Amino acid sequence: MTTAKAFLAGFLSTLVFHQGALAILHGAGATAHKPWVMAPVPPLGIPSVLSLALWGGLWGVALWLMIRRSAGSKYWLLAVVLGAILPTLVAFFVVFPLKGLPVGGGWKPDLIVGALLLNGAWGFGVALLMRILGGARGR
């Protein structure tokens, strides 16, 4: 049951925290990327943001497995740091090349910082939602 909660936390955190942070960055003119994109993506033809949220759910399970035994500030710090770094590394070194994009997104500083900020916000959201959903022990 906790795995399902972690998936839900990752899914919802993508929609609220990741995309919310993107909305703030976009609104401030810091990125041209728009939040909550509904354009369909292959292979299933589902909206881009839902595809991202499904991946966020899977990452939520992985993140939960790494932070679940942590307490206090370590819990929050691990959630933000691991949330920021791990999905960003996979995107830059696996997903981008598979999509024909340059490794590391061409090492553009704004892209790197943006990815770390968005994924860090997502990691915080997973940790918070796991607390709300009762997956995290009261610490």
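Predicted model: local features only at pLDDT ≥ 70, side-chain atom pairs only at ≥ 80, totals over all residues.
Residues are numbered from 1 along each chain as its sequence is written, and side-chain values use heavy atoms, with hydrogens and water left out.

**View 1. The packing of helix 2 against helix 4.** The axes are lines fitted to C-alpha atoms over the stretch in contact, and angles run from 0 to 180 degrees between N-to-C directions. The two helices are therefore roughly perpendicular, a term for angles of 65 to 115 degrees. In contact (heavy atoms within 4.5 Å) are G56, W59, G60, L63, W64 and I67 of helix 2 with W122, G123, V126, A127 and M130 of helix 4.

**View 2. I67 and its contacts.** Leaving aside residues up to four places away in sequence, I67 touches Y75, L78, A79, L82 and A127.

**View 3. T14 in helix 1.** T14 counts as buried because its relative accessibility is 3%, where buried means under 20% relative accessible area (1.4 Å probe, protein chains only). The side chain of T14 makes a polar contact with the side chain of W122 (3.4 Å), that is, a pair of N or O atoms within 3.5 Å, one able to donate a hydrogen and the other to accept it. Not counting residues up to four places away in sequence, T14 touches Q19, L52, A53, G56 and W122.

Conventions: Helix = DSSP H or I, 4+ residues; strand = E, 2+ residues; numbered from the N terminus. Parallel < 35°, antiparallel > 145°, perpendicular 65-115°, else oblique. Buried < 20%, exposed > 50% of the residue type's maximum accessible area, 1.4 Å probe, protein only.
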